[in-house]
Amino acid sequence: MDRRATFDNLWLAGALVAPQILLVIVFFYWPTMQALYWAFSTQPPFGGTNQWVGWQNFQQIFADAVYWNSVRVSIIFAALSTALSIGMALLLALMIDRQLAGHKAYRFVYFWPYAIAAPAVGLAFRFIFAPDAGFVSAINQLAPNLWNPALKGWDAMILIVIANSWKMMAYNFIFFLAALQSIPRGLIEAAAMDGSGVLRRARDIQIPLLAPTLFFLLVINITESFVDSFGIIDITTGGGPARATDLMVFKIYSDGFKGLDYSMAAAQSIVLMLLVIGLTFVQFRYVEKRVHYA
Amino acid sequence: MADIAIRNVEKSYGKTAVLHGINLEIADGEFLVILGPSGCGKSTLLRMIAGLEGITRGEIAIAGRVVNTLEPRERGCAMVFQNYALYPHMTVAENIGYALKVAGLPKAERERRVAEIARIVGLEAFLARRPSELSGGQRQRVAMGRAMIREPKVFLFDEPLSNLDAKLRVQMRLEIRRLHQRLQATSVFVTHDQIEAMSLADRIVVMNQGRIEQAGPPRLLYAEPATRFVASFLGAPAMNLLPATIVAKDRARMADGTEIALDPGRFVVEIGQAVEIGIRPEDVMIVWPGSEGAHALEVEFTEDMGSSRLIHTRLGGMEFTVLQPAAQIEAEGHLPITIPEDAIHLFDRHSGKRLERHIPVIGTAASAAA
């Protein structure tokens, strides 16, 4: 059956799709083209004439050690926060799925963090992890300066990883729980009859059947941690100390809006865009093949 | 030895009680079928034996050990589920061998036993396939194999044949019976299909609304149903049940005045008692027109069932079916019949209980197990 509607009147068809096309052009293609243009030119910070410079902007960022540092910390951040948020979400979803006492209340509460804006999350964690006043300052009582994200790069990294995972965990949790609940109860019961305990059932039956969900969340989480971590970093660490949390997306912001170097920021965002596209492509191409869709 | 004792078992979900004081002894090696309509609590009872449902009150003992608080894996039962519940991401061999893998058996030993079971259930050629690549009957065999490989003391079957087509169902029924003869393990089989129950069971338990209506060998339940419910549930085509009132020691009268003769020695009845008269379609005798005591039934239509014919008629204004061998001449217009007095089952209309001086016993569970 041909589901497509055909319009004899091309003008009418064009008029009907025009608003949608216009929206996409104004809010997506136009800024992208603008960024592309900026990436291949030098933009004076206070307006005026610009100059076409070809690949020079890209050559400059790729030759910059500070840029490679931001790539490195971005990858570390993406790997750690994806692992932590997916791992925690899976654990919580498996426990809620067992329908122990109070599971309905927890199911509700676990989703809330995702509804909180990133800067608010950042603010909360900045307070919790403040070395002199937060809850975590208790460990500094044991050994002075054991924890200080304002001075130690790794502490700062741990802080933003935890804050970001806390937020993403809520999102992942809902997907895992929905997927777990779509696994027929009979399979779990059959495994129980086969002598399999709770942990063994999770490992042998539930997690393998979650593979499609796991793959989807992997793509989403990696992408999110590359492009959507700005709010948390800006409030908690500001990219420091000593650029230890200067992720690519944060560097784009600080180079562009604080350094007023639009051309370099544009070139970096093009690189980030290509990186995310490339990562997603690689995941679909190679990881998805190993996912068994039952 | 793995006998099962169910003592005063009750089950409630919140305030809704689904099982009311079930008492049942299942002998070692017995094939017991729990038969009942959907929602009667039969699957719940089976799942309580398996350990998949909690026991609200009472206790269940397997081989003399109370299992109320034991995990399913500690009870030594294997179960075949209605929808098979095969692990979709594992091959047939992995499905069958999963219990052994969990038990930590060495790989060589596992493979040997999986191959042996596959041979018994006829799946040798399919060991590398996944469940989604199998037919319904093959999936059923995998489920059976998975239950068998643990060499359990007790087999539990939860309507395992209801997803199969009619022909396959008959075939699998035979295979389950054969399997039981070979393994001699205590088996509890839940079904709503009375033919399955009749053909498989050493003993049938008929359940209705969370209570046991009657328990006994298939023949006894068929010949002497203890309640109106059992009478109507067992037998195909179903028993004719005619509401009537006792007007004399040897006669009952239906609403339209039709009278049916009763054997005065068999039943304990009072004049004026509301009863239901049960007659199985195959017990009705077709006689020559004008015979003494004959009822002339108005034939509505006839169903040809191959080896026999089912004639739908009316008696005293009520639907009434007569089963006759196909060889007999076709009935048209009016069919003269008599109802043999010893073929009549009489039930109290209010309590549904069988009205008889004594219920003859054809062999109880106790004598079968002895």
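# Working chat: chains A and B

Biologist: How much of chain A is buried?
Modeller: Of its 294 residues, 32% count as buried. Buried means 20 or more other C-beta atoms within 10 Å of the residue's own; exposed means 12 or fewer, and partly exposed is in between, with C-beta atoms placed from the backbone. This is a predicted model: local features need pLDDT of at least 70, side-chain atom pairs count only at pLDDT 80 or more, and totals for chains, interfaces and linings use all residues. Residues are numbered from 1 along each chain as its sequence is written, while chains are lettered from A and ligands numbered from 1 in the order in which they are written.

Biologist: What are the dimensions of chain A?
Modeller: The C-alpha trace spans about 75 × 75 × 30 Å along its principal axes.

Biologist: How many helices and strands does chain A have?
Modeller: Chain A has 13 helices and two strands. These are DSSP runs, numbered from the N terminus: helices are H or I with at least four residues, strands are E with at least two.

Biologist: Which domains is chain A divided into?
Modeller: Domain 1 covers 1–39 and domain 2 covers 56–290. The bounds come from an automatic or database domain assignment. Their C-alpha centres lie 34 Å apart. Four residues from domain 1 of chain A and seven from domain 2 of chain A make the contact. Contact means C-beta atoms, placed from the backbone, within 7 Å.

Biologist: What classes are on the domain 1 side?
Modeller: Four nonpolar, no polar and no charged residues, on the side of domain 1 of chain A that touches domain 2 of chain A. Ala, Val, Leu, Ile, Met, Phe, Trp, Tyr, Cys and Pro count as nonpolar, Asp, Glu, Lys and Arg as charged, and the others, Gly among them, as polar.

Biologist: Switching to A63(A). Buried or exposed?
Modeller: Exposed, because A63(A) has 9 C-beta neighbours inside 10 Å. A63(A) is in the loop between helix 2 (56–62) and helix 3 (65–97) of chain A.

Biologist: And the chain A–chain B contact? How many residues does each chain give?
Modeller: Chain A gives 16 residues and chain B gives 17. Helix 8 of chain A supplies the largest share of the chain A side, six residues. By class, that side has nine nonpolar, four polar and three charged residues.

Biologist: How many residues are in the largest nonpolar core?
Modeller: The core has 153 residues, and those with the most contacts inside it are I34(B), I49(B), L156(B) and V205(B). Helix 7 (residues 153–181) of chain A gives the most to this core, with 15 residues. A nonpolar core is a set of buried Ala, Val, Leu, Ile, Met, Phe, Trp, Tyr and Cys residues joined through C-beta atoms within 7 Å.

Biologist: What is L156(B) in contact with?
Modeller: Leaving aside neighbours within four places in sequence, L156(B) is in contact with L46(B), I49(B), A50(B), C77(B), M79(B) and V188(B).

Biologist: How many residues of helix 4 of chain B are buried?
Modeller: Ten of its 13 residues are buried, so the helix is mostly covered. Those buried residues pack against several chain B elements, including strand 6 (77–80) and helix 2 (92–103).

Biologist: Last one, the open sheet in chain B. What is the strand order?
Modeller: The four strands run in the order 2-1-4-5, with antiparallel pairing. Strands pair if DSSP finds at least two bridges between them. Five bridges join strand 1 (residues 4–13) of chain B to strand 4 (residues 57–62) of chain B. I4(B) stands opposite I62(B) in strand 4 of chain B.

Definitions and conventions: Two residues are in contact if their C-beta atoms, placed from the backbone, lie within 7 Å.
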